[in-house]
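Here is a short report on one protein model. Have the sequence and the coordinates open as you read.

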Amino acid sequence: MQGRKLWAFYPPGPPPPGVRLLPAADGAESIGFVAPPAAQWFAEVRPQLDRCSSPCYEIVQQVGEIVFVPAGWWHCVLNIDAETVAFTENVITDGNVASAADEFARAGDVETAALLLDLERAAHKGSAETR
């Protein structure tokens, strides 16, 4: 891994400044969002924000460091160095498997959603049998 990254985090809730939610056609939950590219957000949006009133956390990720983004947190990432290589991974745990299945289903991947829910049921059944 190489290169540094600038991260901005916003807690779950309303979208951060510069980000607009796309409403669902039926008035239900949002179906996504529109945001400027990271370089544009950091160059144009972030400087306009009052650091005292904006619930933003910023860090610079150094080479070799790991950053964990909790579920639901808005984040924007900018490569600081010209050559940046990174590895990303999403994690599904007991605590977020139902919401992950919902996300897959809403994206049209009902097969993966069903598989996740089946695995969750099997895990709960197995843990109940070992008690």
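Which side chain meets that of R106 in a salt bridge? E103 does, at 2.3 Å from N to O. Keep in mind that this is a predicted model.

**Overall layout**

The protein has 3 helices and 5 strands. From the N terminus, the order is β-β-β-α-β-β-α-α. Of its 131 residues, 21% are buried. Among contacts with a separation of 6 or more, 66% join residues 24 or more positions apart. The protein exposes about 9,500 Å², and carbon and sulfur atoms supply 58% of that area.

**The sheet**

3 strands make an open, antiparallel sheet in the order β4-β1-β5. The edges belong to β4 (57–61) and β5 (74–79); each has a single partner strand, so one side of each lacks a neighbour in the sheet. On average, neighbouring strands are turned by 20° against each other, direction ignored. Strand β1 covers residues 5–10 and pairs with β4 over 5 bridges. Within that pairing, F9 has Y57 of β4 as its bridge partner. Helix α1 (residues 38–45) lies across β1, β4 and β5, and runs at about 100° to β5.

**Salt bridges**

The count comes to 4 salt bridges.

| Pair | N to O distance |
|---|---|
| R46 and E58 | 2.5 Å |
| R106 and E103 | 2.3 Å |
| R121 and D118 | 2.6 Å |

The side chains of R46 and E58 meet in a salt bridge. This pair links distant parts of the chain, 12 residues apart: R46 is in the loop between α1 and β4, while E58 is in strand β4. R46 has a relative accessible area of 6%, under the 20% cut-off, so it counts as buried. E58, at 30%, is partly exposed.

R106 and E103 both sit in helix α2, 3 residues apart, or about one turn of the helix. Both are partly exposed: R106 has a relative accessible area of 48%, and E103 has 46%.

R121 and D118 are in helix α3 (residues 110–129); they are 3 residues apart, so about one helical turn separates them. R121 is exposed at 52% relative accessibility, because the cut-off is over 50%. D118 is partly exposed at 42%.

**A nonpolar patch**

Which residues make the nonpolar surface patch? M1, V85 and F87 do, over about 380 Å². V85 lies in the loop between β5 and α2 (97–106). Its relative accessibility is 45%, so V85 counts as partly exposed.

Terms used. Residues are numbered from 1 along each chain as its sequence is written. This is a predicted model: local features need pLDDT of at least 70, side-chain atom pairs count only at pLDDT 80 or more; totals for chains, interfaces and linings use all residues. Side-chain values use heavy atoms; hydrogens and water are left out. Two strands pair if DSSP finds at least two bridges between them. Helices (H or I, at least four residues) and strands (E, at least two) are DSSP runs, numbered from the N terminus. Axes are lines fitted to C-alpha atoms, for helices over the stretch in contact, and angles run from 0 to 180 degrees between N-to-C directions. Contact means heavy atoms within 4.5 Å. Patches are made of residues with over 30% relative accessible area and no salt bridge: like charges are joined within 9 Å, nonpolar side chains (Val, Leu, Ile, Met, Phe, Trp, Tyr) within 5 Å. Accessible areas come from the Shrake-Rupley method with a 1.4 Å probe; for residues, only the protein chains shown count as cover. Buried means under 20% relative accessible area, exposed over 50%, partly exposed in between (1.4 Å probe, protein chains only).
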